[in-house]
Amino acid sequence: MEECNDNISFFKEGLRLDSRRPDELRPIKIEAGVLARADGSCYIEMGGNKVIAAVYGPREVHPRHLQEVTRAIVRYRYNMASFSVEERKRPGPDRRSHEISKVSREALEPVILTSYFPRSVIDVFVEVLQADAGTRTAGINAASVALADAGIPMKSMISACAAGKVGDTLVLDPMKEEDNFGQADMPVAMTPNGDITLLQMDGRFTKDEFSQALEMAMKGCREIYELQRKCLIGKYAQLETEPFLEVQVCD
Ligand code: CDP
């Protein structure tokens, strides 16, 4: 987050630079089961973000000393492809990706029934192919669908999105320009019941703005949850109605 730039006009006739209302999400596309060799997977587009998540496990832990006797461990690796951003990113892990991996794992872990799988590991890999602000929330949304797609028992889904402040106005799901030149950014993840599992804040809100921004982000999460649900129901309903291939036998 850079200092607010007063010369930038973020609104035109009440609409944002990409013609959204302040409380509107960017267009979202979610697809489950996109990778043949992962146990579960998901591809998500949230505005300009393109992110893929792959889940492997529960499986044996390597190295073995990481094993937990009473539960599965969850590993989460967030990675940003070097071509995903305007200015080529140096490949490999850095402080930012370590931080995002940690908070994203902590956002998902509370709903995963890890006690069902002692001594094992559930691996979540998140690859950002194209970034446009909000990649951690897009990654969490994709990972949640990929975990469900892998058949990992969970108490509920997790949905995530950010609220921000630009030109003294609160906005839902900031895009890159708003994130870069805005005044605040607050990514949130939560269960459908409203239990918050991630809340970070960059920049400044007043107390009232904080409450309003949180309510706005929670509204966004509820909308995303409906899309995640629809995506999973769509995939598995399709499998149910088309269980067999029809084979025509010719004489
Ligand atoms: O992506 P997210 O908002 O979760 O994390 P961030 O650290 O606030 O980054 C915001 C945005 O800055 C990213 O989504 C990218 O579009 C951009 N970025 C970049 O251009 N180059 C980087 N090395 C890191 C981030």
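**Ligand shell and an aromatic pair**

Helices α2 (135-149) and α3 (176-181) each supply at least two residues of the shell around the ligand. The model is a predicted one. Surrounding the ligand are M80, V85, R96, A131, D132, A133, G134, T135, R136, K176 and D179. Sorted by class, this shell around the ligand holds five charged, four nonpolar and two polar residues. As for its location, the ligand sits in the largest pocket.

In the side chain of R96, an N or O atom is 2.7 Å from an oxygen atom of the ligand. G134 takes part through its backbone, where an N or O atom lies 2.8 Å from an oxygen atom of the ligand. With R136 the side chain is again involved: one of its polar atoms lies 2.9 Å from a ligand oxygen atom. On its own the ligand has 510 Å² of accessible area, and the protein covers 77% of this.

The next topic is aromatic rings. Two aromatic pairs are found when the whole structure is searched. The ring centres of Y56 and F125 are 5.8 Å apart and the ring planes stand at 75 degrees, so this pair is edge-to-face; the cut-off for that class is over 60 degrees. Y56 belongs to strand β5 (residues 49-60), while F125 belongs to strand β7 (residues 120-130).

Terms used
Residues numbered from 1 in each chain as written. Predicted model: local features only at pLDDT ≥ 70, side-chain atom pairs only at ≥ 80, totals over all residues. Heavy atoms only, no water. Near = heavy atom within 4 Å. Polar contact = N/O pair within 3.5 Å; in protein donor to acceptor, adjacent residues only side chain to side chain. Areas by Shrake-Rupley, 256 points an atom, 1.4 Å probe, with all protein chains shown as cover. 1 Å grid on protein atoms, 1.4 Å probe; cavity = no way out; pocket = protein on both sides within 12 Å on 5 of 7 lines; lining within 4 Å. Sits in = over half its atoms within 2 Å of the grid points. Helix = DSSP H or I, 4+ residues; strand = E, 2+ residues; numbered from the N terminus. Nonpolar A, V, L, I, M, F, W, Y, C, P; charged D, E, K, R; others polar. Phe/Tyr/Trp six-rings, centres within 6.5 Å; stacked < 30°, edge-to-face > 60°.
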